[in-house]
Amino acid sequence: MMVHFIEGGGFSGNIYLIEGTHPVMIDTGWDANIDKIAPQIERALDGKKLDKIILTHRHVDHVGGALAIKEHFGGTIYAQKKEAEALREGDPESTGARMFGTRIKPMEVEDLKDGDVIDLGDGGSLKVMETPGHTNGGICLLDNEDGLFSGDTVFTEGGVGRWDLPTGDVQMLLKSIETLAELPIVSLYPGHGMPAEKDGARHIKLSLRSLKGYGIYG
Ligand SMILES: [Zn+2]
């Protein structure tokens with residue numbers, strides 16, 4: 001599976017583009033102005049259109065670029081149902097738009113649920129895992145080659161997502177990370193910071209340990 005990594009600068013979330021017969025983008029970064037990243041996306045798509053734009057959760061630093069990317073490169077936007085509802089409404093509170101002093105335009109979003117499988121073509125697929133805690137409808141995407149796109153649920157080097165934002169819940173986050181820590185993950189592609197090409201499971205176990213280190217034992 002060929003994964004292109006577009007690093008989020010500043011507060012912006014990372015963008016991942018999976019090459020294939022049906023190219024899929026995971027998260028879109030903060031910026032509605034995509035001039036800086038468009039050439040990189042164009043090269044990766046090599047004349048193809050995007051098939052799907054999947055948003056790991058509703059926060060503006062992950063979804064702000066979605067409408068512009070859809071307009072330029074095509075693709076249907078997807079998110080878990082609760083996240084999708086907030087995005088269809090353009091809810092300034094739970095998307096974090098107001099907190100960051102920006103706005104969010106309502107967008108058309110299709111619903112995803114736990115267990116949905118997204119076909120990438122060429123034998124590749126992504127499975128939707130609902131991993132609430134950072135937001136109540138956040139997802140991770142598990143690829144069939146043992147890679148995990150983890151949004152803001154876990155980061156490399158033991159990082160965990162915030163749980164103090166609207167719809168966040170630390171007990172749900174703990175449960176979600178416990179589930180992820182059971183998986184034989186090789187590559188970990190988080191929503192912020194650097195991805196890890198190997199030892200993904202070790203990074204997730206570190207995240208579980210650091211969350212428990214905050215004194216949260218479920
Ligand atoms: Zn977030």
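Q: What volume does the largest cavity have?
A: Happy to start there. A cavity is a set of points, on a 1 Å grid over the protein atoms alone, where a 1.4 Å probe fits but cannot get out. Volume is the space filled by probe spheres set on the points, which are joined across faces, edges and corners. Here, the largest cavity has about 40 Å³, and the structure holds one cavity of 30 Å³ or more. Please keep in mind that this is a predicted model, in which local features need pLDDT of at least 70, side-chain atom pairs count only at pLDDT 80 or more, and totals for chains, interfaces and linings use all residues. Residues are numbered from 1 along each chain as its sequence is written, and side-chain values use heavy atoms, leaving out hydrogens and water.

Q: Which residues line the largest cavity?
A: Lining residues have an atom within 4 Å of a point. Among them are Thr56, His57, Pro132, Ile139 and Asp152. By class, the lining has two nonpolar, eight polar and one charged residues. For these classes, Ala, Val, Leu, Ile, Met, Phe, Trp, Tyr, Cys and Pro count as nonpolar, Asp, Glu, Lys and Arg as charged, and the others, Gly among them, as polar.

Q: In what order do the six strands of the open sheet come?
A: Strands of a sheet pair through backbone hydrogen bonds, either parallel or antiparallel. Strands (E, at least two residues) and helices (H or I, at least four) are DSSP runs numbered from the N terminus, and two strands pair if DSSP finds at least two bridges between them. In this model the order is S1-S2-S3-S4-S5-S6, with mixed pairing. Strand S1 (3-6) and strand S6 (110-112) are the edges, each pairing on one side only. S5 (residues 76-80) and S6 are parallel, with three bridges; glutamine 80 has leucine 112 in S6 as its bridge partner.

Q: Which strands does helix H1 touch?
A: Contact means heavy atoms within 4.5 Å. Helix H1 (residues 38-45) packs on the sheet and touches S1, strand S2 (15-18) and strand S3 (24-26).

Q: How many bridges join S7 to S8?
A: Four bridges join strand S7 (residues 117-121) to S8, and the two run antiparallel. They form a hairpin with two residues between them, and aspartate 122 in the turn has a positive phi of about 55°. S8 also pairs with strand S9 (residues 139-143), antiparallel over five bridges.

Q: How many residues of S8 are buried?
A: Buried means under 20% relative accessible area, exposed over 50%, and partly exposed in between (1.4 Å probe, protein chains only). In strand S8 (residues 124-130), five of its seven residues are buried.

Technical notes: Axes are lines fitted to C-alpha atoms, for helices over the stretch in contact, and angles run from 0 to 180 degrees between N-to-C directions. On a 1 Å grid over the protein atoms alone, a cavity is a set of points where a 1.4 Å probe fits but cannot get out, and a pocket is an open set with protein on both sides within 12 Å along at least five of seven lines; lining residues have an atom within 4 Å of a point.
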